[in-house]
Amino acid sequence: VYSDVMSAGIREIISNAIDSTKRAKNNKPIQITPPTKFAQTFMVRDFGLGLSHQEIYDLYTSVGESSKKQSEDEIGFFGIGAMSPFAYVESFTVVSYQNRKARTYSIYMGESGVPEIAFIREIHTDQPNGFEVSYSVKMTDCLTFNDKLHKILSYIDKGVWEWSDKKFAQNIVHYKDSMKSSSNFVLDIDDKYFISNKTYSYYGNNNLGNILVMGGVAYEYDSTVTGSKLFASHSLVIEAPIGSVSVQASREKLKMNTKTISYLKTAVMEVDNKIKETIEKNIAGIDNLRDAMRFCEKITYGRHLIPNWKGFSTTESNFNTILKTNFVIEGLNGKKFYRDRYVNTRVAKIILNDVGYGGKSRVLNNQNYQNSSAVLLTPLENVDVEEFKKKYGNLFDVKTSELEKPEKLTAQKKRKDKV
């Protein structure tokens, strides 16, 4: 049933323990004991209601039997999860703490391939109600086993679990903290959706890929079913409420049925709407097309959602078309101006030539533009610059009338004045 036999037992036992404790309305964290080279036993203890003698026999002698009535409102809603240790070991131990009694059982696989139970003992105890599952881990597997344990725990909220002893106090970084610390992280939407720049290594740079986290369990999902362009350059992690999607009996993968696909599409649509809402709010407060373009260029997510600014496209090609329709464009290269240059809005210093003759000399006389990507725009005869500014906003960094005249021109003017 399971493709990852080590992770199966870890995940299922922890999930069942969390459910049992919640069902008992107990806020006490479940306790986890990791295997070590000195004691190769993995153990999980919950603080639920415990199980009666008959409930234990019903649960472990009938594959698929569940004390949860097949409810999808809990994490481990398949009874087969109780048998998950068999994926790795031939036997495991359970202890039920109930009404000041502790009953111990050995669950093992019989010769016929059917689980069997051996009742070991019943003793008086002062321990609180609950249930404990434990089994041995091979010495050679301890390191790998604990790596898998840590990864599974990284998806479970802090406070839900704790180490059974402080000596096991390895620091587990929650997946959200790990993701947000990455240089690839882009946006957190309502602590529910997390967008990152796409990397091509599934575990590289803390980019988790396209993951849906439900009940502290991570499932990879197929983004193509959403039809969203977001996934062309980004990955999306979704924190989903329990029961939002369907999972396979092994709980290693999602069931890509109507329920799951519908939820994924709705989730991505909500993400798109949130991104679009944020972009539109910001772009509405910008007073010119050029600054709107600069804002849009900084957006690394949701580029497919970028709206127009006052009905005008924010693409650089459209910007250049607008300029060519209204101005003679001359780019400065060294000491010369060249006609019909393409305007790169990211680096260009756009100068409005409002003085006509002598405008170029004023630009060349100004040290700020000697080694820059200066572009001189001279209005065409039929263009009213003020009307242009009303339509597109002020796209100019400076006007030639604001630049100092070169000394030579000033001397020539003085001679003319004398004459």
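Here come some questions and answers about this predicted model.

Q: How many helices and strands does the protein chain have?
A: Let's start with a head count of the secondary structure. For the protein chain, the tally comes to ten helices and 17 strands.

Q: What percentage of the 419 residues in the protein chain is buried?
A: A residue counts as buried when its relative accessible area is under 20%. Apply that cut-off to the 419 residues of the protein chain, and the buried share is 47%.

Q: Among contacts between residues at least 6 apart in sequence, what percentage joins residues at least 24 apart?
A: Here we look at contacts in the protein chain between residues at least 6 apart in sequence. The part of them that joins residues at least 24 apart is 65%.

Q: Do strand 3 and strand 4 run parallel or antiparallel, and how many bridges join them?
A: Strands of a sheet pair through backbone hydrogen bonds, and they can do so in a parallel or an antiparallel way. Strand 3 covers residues 91–98 and strand 4 covers residues 101–109. They form a hairpin with two residues between them. This pair runs antiparallel, and the number of bridges is eight.

Q: Which residue in the turn between strand 3 and strand 4 has a positive phi?
A: Look at the turn of this hairpin, where two residues sit between the strands.

Q: Which residue in strand 4 is the bridge partner of Thr93?
A: Strand 3 takes in residues 91–98, and eight bridges join it to strand 4. Follow the bridge from Thr93 across to strand 4 and you land on Ser106.

Q: Is Ser134 buried or exposed?
A: Ser134 has its place in strand 6 (residues 130–136). Leaving aside neighbours within four places in sequence, Ser134 is in contact with Thr41, Phe42, Met43, Phe92 and Thr93. Its relative accessible area is 11%, and the cut-off is under 20%, so Ser134 is buried.

Q: Are helix 6 and helix 7 roughly parallel or antiparallel to each other?
A: The axes of helix 6 (residues 289–298) and helix 7 (residues 316–326) come within 11 Å and cross at roughly 165 degrees. Helix 6 passes helix 7 in a left-handed crossing. An angle over 145 degrees counts as roughly antiparallel. Therefore these two helices are roughly antiparallel.

Q: How many charged residues are there in the contact of helix 6 with helix 7?
A: On the helix 6 side we have Leu289, Arg290, Met293 and Glu297, and they meet Glu316, Phe319 and Ile322 in helix 7. Sorted by class, this contact has four nonpolar residues and no polar ones, while the number of charged residues is three.

Q: Is the crossing of helix 5 and helix 6 left-handed or right-handed?
A: Helix 5 (residues 258–284) packs against helix 6 at an angle of about 150 degrees, with the axes 10 Å apart. That's over 145, so the two are roughly antiparallel to each other. As for the hand of the crossing, it is right-handed.

Q: How many nonpolar residues are in the contact of helix 5 with helix 6?
A: Ile279, Asn282 and Ile283 in helix 5 meet Ala292, Phe295 and Cys296 in helix 6. By class, this contact has no charged residues and one polar residue, and its nonpolar count is five.

Q: Which strands stand at the edges of the open sheet of five strands?
A: The order in this sheet is 14-13-16-15-17, with mixed pairing. An edge strand here has a single partner, so one side is left without a neighbour in the sheet. The two strands in that position are strand 14 and strand 17.

Q: Which residue in strand 17 stands opposite Ile351?
A: Strand 15 (residues 349–352) pairs with strand 17 in the parallel sense, over two bridges. Opposite Ile351 stands Val398.

Definitions and conventions: Residues numbered from 1 in each chain as written. Predicted model: local features only at pLDDT ≥ 70, side-chain atom pairs only at ≥ 80, totals over all residues. Heavy atoms only, no water. Pairing = 2+ DSSP bridges. Helix = DSSP H or I, 4+ residues; strand = E, 2+ residues; numbered from the N terminus. Axes fitted to C-alpha atoms, helices over the stretch in contact; angles between N-to-C directions. Parallel < 35°, antiparallel > 145°, perpendicular 65-115°, else oblique. Left-handed = near helix turned anticlockwise from the far one by under 90°. Contact = heavy atoms within 4.5 Å. Nonpolar A, V, L, I, M, F, W, Y, C, P; charged D, E, K, R; others polar. Buried < 20%, exposed > 50% of the residue type's maximum accessible area, 1.4 Å probe, protein only.
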